[in-house]
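Please follow along residue by residue.

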Amino acid sequence: MRSLFWALMYGSVSAWAIPPEVPLRALSFQSWGQEAGLPQISVHDMARDHQGYWWIATENGLARFDGLHFETFRQADTPALKSSWISRLHVDRTGRLWVGTIKNLALYDGSRFSEVTVGGKDVGKVSGMAEEPATGALYVAADGLFRFQDGQLQAVAGWQGPATATLSGPDAVWVAAPKRLVRIANGVQQTFALPTALADAVVTEMAWASDALWLASTRGLLRFSQGRFESWPLDERPGAPAPSLQSLAVDGADGLWAGSDRMLYRLHAGRVIERLDTAAPGALPWPITIKTELGSLWLGSQSEGLQHYWRSETQRFSVEEGLKDPLVWSYAEDGERLLIGTNSGVAAYAKGRITPWIDASSLPNPVAYSLLRDTAKRLWVGTRAGLARFTPDGQPLDVLPAFAGLQINGLLQAADASVWVATSDGLFRIAGEQVQRFGKAEGLDSSRIRYLLQARDGTLWAGTESGLYRQRGGRFETVALDGEPDTFITCLTELADGRLAVGTYEHGIYLYSDTVLQHWGPAQGLPSHSVFFLATVGDWLVGAGADGVYRIKLSALAKGAAVPLPVEVLVDNPGERQGRARLRCCNGGGNGKGLIVGNQAWLATLDGALRVAVDGPARAAPAAIIQGIEHAHQKRVLTPDVVIETLPRDVLIHYGVIDYREPARLQFRYRLNGFDKGWVEAGERRSAIYTNLPPGRFTLEVEARHPFGIWGPSAQQRIEVPKRFIETWIFRALCIAALLLLVVLGTRWQLRRLEAQKHALEAVVEERTRALAKSNAQLAAANEELRIASHTDALTGLRNRRYLEQQMPDLRAQLARRRIETGRDLVIGVVLIDLDHFKSINDRYGHAVGDVVLQRVAAALSAAVRESEFVLRWGGEEFLAILSGAERSQVGAVVLRLQRAINQSCENLEVAPGQFLGIVTGSLGFAIYPMPRAPAAYGWQTAIEAADHALYAAKANGRNCCVTLDLDRVPDSEWTQQIHASDIARWLAAGDASEQVL
């Protein structure tokens, strides 16, 4: 059935041809090189088999291609190929693949390769293969000319020398050889000598078009008709040399394609209609292979791999068609032409060409952001900085001063002939020469108006960047959309039943009426969150956004309709992909950003005007195929029933779709009937793994679909897992009997040894209990030592910050309890200490002396505080003393005591023989917790911040002093969430706080 399908497709190629009026640059394309899996960059030939696979001939192997993956066959793994340099390919009418290498000829019958020889000898380099129409005999051009029929390959009688090219014509086989062309019909040869002037030409490829034989040669393009040869010019320049052609093909529209190392030529009715420089950006250099079929063009390069062109339902009109600036913003139609607003003025489209219409210099701003053709045929052009009007033939009328500097997002002529203008700063109505602005006084809370629509009942709707409004009685009122008050409205359209379709940025589509509100987003099947254009065409609602264009049947939008929505994607624009032209659709939000003309939508993109057919037939769903099964790391031959006999019963199943346009975007699902409970959603994954399959007969089903599309026909593969002997009921019965006997014997033996084990186990348990208790005690001691070490500074023996963070919750709780119990004003004193000029001690006497100083100061501070208080090393030469449970009035005295302890700590420290260090001083900043007048939510960290600020004040006061902050005058309103250094600085500057030096 599949073979019949492809035969029908091949036979109807003309219905899928690329029309001559469609240029190559208007086609979608995709490229593949070695980075995509192609075995080598030089593609010498291509052939499509009856299953739909393309076979690719390269200089480093033969590849079978399904649109995504290349399966490669080389001489090392396929002995029938005497060389990995594949020169020619041919699929015969029975579906067999003939493979010519530079050394021999091989045949692939769908399951294996075999070598084809002439009496055991190879044919040499194969340069062409063609079937005789009447007999089906295959002619092979190589070091000689050979004929395969009835299972045998034989040299053609009377043939001398090599053959360079072959072609199966309407009623004969044509063979090119040095200095001659030979026609073979029913085994009879007819020779035509090349003209003397072309005797040295080497024919590389042949094609039949326009009732003539065309020959690509090293001396250019030749036409052969009625026994005469004619050189056919490809270059209009006088005296231009004929190009050396290496490829030639005819398409379904009787067009001829010819390729040289520098140019790709396209001819129709013998006339060159396109010349494409292969060195141009995006072009495929040096096309040595051309194939045309099913409305597609395939090119194989000498140096850059493979490229595929095809025609889609979309067409882009950009710089090549005459657009001065490719960035398109808006459209308007007047019946004669389509007007296109771009980044540089207005252009006009008619009969496939684009011409300038209004130059940017005639506009307040170059960007024609919105257009309107009014009933008087005047053209209104809204820009990013003003509004201008033009006569019907595009001559300037005036620039309206009321809109100077405003971005014009939309223009609408109402039923009363007045013109409404949506701008970046309000809504305006122009009646005659009177301009009226609508703003908050008229109920419009948002000034950034995006879209205007007058419904059939006369209601004016305004979509803004902060919600939807409608006009009633000269005023505007807000229309709530599902609890979203600030929704960015990008577009509006009215359905036939009166409902309003509302397109938004990042909130999908709303369908609104006075009684029903529906919302559709990605969760309900919409392709994206944002939509920039909405319109109805026939039975469809058409939407467009940054990710492409789609349509939805209006009947699917009825109240209570099922989800997900049956969305049909017309243009899929997921982003830049390797080798793929991106449409970059669609942009903008506002009136005129898209336009429906007949059954086609014109949409604004970043690279030209995009025309999309919106009411054509639905895209056919892809048909999945099973590509291979692996078991025990071996590939299995695909038969109707694949039997899995050996262990392990693990299978890896490869599936896919033959698709050469968007294969990477296809989605798959599969299920193994008899094993899986439902479909397994595989996404873009193309393999299924089953492990430890139970015995049984299963059927694997695989289905594929385009993104948001319907599932296509399923591919099925039966898999049988036979039972082993150990899985039969006989084996199980024997096992049960043996088990019962063992139970009886074992029970008696077990009872005897259990008693002996009981006593031994009791002794072991007792011994291990003692050992466990000892180990737990040792572990607890080690953990305590580790905890103390993690809280202790190694140099001074003081506690560190980690210890403070652990202790402060308990200190705060104790303080709160004692304040309640004693009724006294108890606080926690926080004293930050920084040794003055400590760096000079290190610099002068060395770090060893500096370490001794730190140790002595630490010892002196520790001795100067009570047992319930403690000193920490805060970092470097900084210390932190925590005075817990002190009277508020006593904190200052303790701070002075700490200062004296620092001064006395190093008086007798000898830093050199007979030389003593003397007095060491320190700057002290302190604060108390809780802080006076501070909210209860302020933590102890805030007191440290205050002490730190006081410390800096002590340094600024000349060092060797103690400073605290008086914050009693700070207003209550200034105490917010948390105190910061900037707050203290502000309070000091305002006189609400002061620094006190003890």
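Which residues does isoleucine 882 touch, not counting residues up to four places away in sequence? They are Leu804, Leu811, Ile828, Gly829, Val830, Glu869, Phe870 and Leu872, where contact means heavy atoms within 4.5 Å.

## About the model

This is a predicted model, in which local features need pLDDT of at least 70, side-chain atom pairs count only at pLDDT 80 or more, and totals for chains, interfaces and linings use all residues. Residues are numbered from 1 along each chain as its sequence is written, and side-chain values use heavy atoms, with hydrogens and water left out.

Buried means under 20% relative accessible area, exposed means over 50%, and partly exposed lies in between (1.4 Å probe, protein chains only).

Helices (H or I, at least four residues) and strands (E, at least two) are DSSP runs, numbered from the N terminus. In soluble globular proteins, nonpolar side chains tend to be buried together.

## Two helix pairs

How do H7 and H8 pack, and at what angle? Helix H7 (residues 940-956) and helix H8 (residues 981-990) meet at an angle of about 55 degrees, and their axes are 10 Å apart. Axes are lines fitted to C-alpha atoms, for helices over the stretch in contact, and angles run from 0 to 180 degrees between N-to-C directions. H7 and H8 are therefore oblique to each other; angles under 35 degrees count as roughly parallel, over 145 as roughly antiparallel, 65 to 115 as roughly perpendicular and the rest as oblique. On the H7 side, Glu945, Ala946 and His949 meet Ala981, Ile984, Ala985 and Leu988 of H8. By class, this contact of H7 with H8 has five nonpolar, one polar and one charged residues. Ala, Val, Leu, Ile, Met, Phe, Trp, Tyr, Cys and Pro count as nonpolar, Asp, Glu, Lys and Arg as charged, and the others, Gly among them, as polar.

Helix H4 (residues 838-845) and helix H5 (residues 847-864) have axes that come within 7 Å and cross at roughly 140 degrees. That angle makes H4 oblique to H5. H4 contributes Phe838, Ile841, Asn842 and Tyr845 to the contact, while H5 brings His847, Val849, Gly850, Val853 and Leu854. The contact of H4 with H5 has six nonpolar, three polar and no charged residues.

## Backbone features to look at

Most residues other than glycine have a negative phi, and most peptide bonds are trans. The peptide bond from leucine 647 to proline 648 is cis, with omega near -5 degrees, and proline 648 sits in the loop between strand S59 (641-643) and strand S60 (651-656). Another cis bond joins tyrosine 929 and proline 930, with omega about 0 degrees; proline 930 is in the loop between S71 and H7.

Aspartate 150 has a positive phi of about 55 degrees although it is not a glycine. Aspartate 150 lies in the loop between strand S12 (145-149) and strand S13 (152-155) and is exposed, with a relative accessible area of 76%. Histidine 633 has a positive phi too, near 65 degrees. Histidine 633 is in the loop between S57 and strand S58 (634-636), and is exposed at a relative accessible area of 79%.

Is histidine 631 buried or exposed? Histidine 631, found in strand S57 (residues 625-631), counts as buried at 5% relative accessibility.

Leucine 570 is in strand S53 (residues 567-572) and counts as partly exposed at 24% relative accessibility. Beyond four places in sequence, the contacts of leucine 570 include Thr314, Tyr550 and Val612.
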